[in-house]
Every structure is written in C-alpha cells, then in structure tokens.
Amino acid sequence: MGRRLAPQRLACASVRGLAGILAYMARAHVSIWYPLYPSQHIASTEAIAFLFIPFDRIPGLAAGLLLGWIVSLIPGIRAR
C-alpha cells in the first residue's frame, strides 16, 4: 500500500490550500462586483470572468497546499 498522510497533516494541508484559493477568489470577485455598487458602467463580458476565476486560482491552491504540507512537518503538528 502507498503512504498516507496522518489526519492532522492532511487537515493542515487542506485548510491551507482552501485558504490559498479563497484569498485570491475573494479579491477577484470583489474586482468584478465592485463597479456595480457605485452605479458605474460594467461590461456584459465581465460575467464571463466568473467562469474562469476558479481555473485561474489553481496556482494559489497549489501554493496553499504546499505551504500546509510544509507547516505540517513542524514537530508539534507531525504525527508520531
């Protein structure tokens, strides 16, 4: 069988990966929605950005997962 991550390490990597992608997605969504509130003109093609935002944020997810995996190697978190 293959090697498995301990539940604490898996949770740490998962939470960091989720935080990594949410940080970028929130900023992207705000940049699209913000012009609507002060009644500024918004292009109809900006709605297409909502389709591509998740795919554009995959590097943030990968960076968050990597950071979470590195943090999980800290001796206090690492399973014995």
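What follows is a chat about helix packing and a few residues.

Trainee: What should I know before reading numbers off it?
Mentor: This is a predicted model, so local features need pLDDT of at least 70 and side-chain atom pairs count only at pLDDT 80 or more, while totals for chains, interfaces and linings use all residues. Residues are numbered from 1 along each chain as its sequence is written, and side-chain values use heavy atoms, with hydrogens and water left out.

Trainee: Start with helix 1. How many residues has it, and how far does it reach?
Mentor: Helix 1 has 27 residues and reaches 38 Å from first to last C-alpha, close to the 39 Å expected at 1.5 Å a residue. Helices here are DSSP runs of H or I with at least four residues, numbered from the N terminus. The expected span is 1.5 Å times one less than the number of residues.

Trainee: Which residues of helix 1 are buried?
Mentor: R9, C12, A13, G17, G20, I21, M25, A28 and I32. Buried means under 20% relative accessible area, exposed means over 50%, and partly exposed is in between, with a 1.4 Å probe and protein chains only.

Trainee: And what do they pack against?
Mentor: The buried residues of helix 1 pack against helix 2 and helix 3. Contact means heavy atoms within 4.5 Å.

Trainee: Take helix 3 then. At what angle do helix 1 and helix 3 pack?
Mentor: The angle is about 150°, with the axes 7 Å apart. Axes are lines fitted to C-alpha atoms, for helices over the stretch in contact, and angles run from 0 to 180 degrees between N-to-C directions. Helix 1 and helix 3 are therefore roughly antiparallel to each other. The cut-offs are under 35 degrees for roughly parallel, over 145 for roughly antiparallel, 65 to 115 for roughly perpendicular, and oblique for the rest.

Trainee: Which residues of helix 3 are buried?
Mentor: G60, G64, G68 and V71. They cover an arc of only 70° around the axis, which puts them on the same side of helix 3. The arc is that of the directions from the helix axis to the C-beta atoms. These buried residues pack against helix 1.

Trainee: Zoom in on G17. What does it touch beyond its sequence neighbours?
Mentor: Leaving aside residues within four places in sequence, G17 is in contact with L61, G64 and L65. G17 lies in helix 1 and is buried, with a relative accessible area of 0%.

Trainee: And G60, what does that touch?
Mentor: G20, I21 and Y24, not counting residues up to four places away in sequence. G60 counts as buried at 9% relative accessibility.

Trainee: Change of topic: A11, buried or partly exposed?
Mentor: A11 is partly exposed, with a relative accessible area of 39%. A11 and G68 are 57 residues apart in sequence and 8.6 Å apart in space, C-alpha to C-alpha.

Trainee: Last one, helix 2. Which residues of it meet helix 1?
Mentor: A49, F50, I53 and P54 in helix 2 meet M25, A28, H29, I32 and W33 in helix 1. Helix 1 and helix 2 (residues 49–56) pack at about 160°, with axes 10 Å apart. That makes helix 1 roughly antiparallel to helix 2.

Methods
Helices (H or I, at least four residues) and strands (E, at least two) are DSSP runs, numbered from the N terminus.
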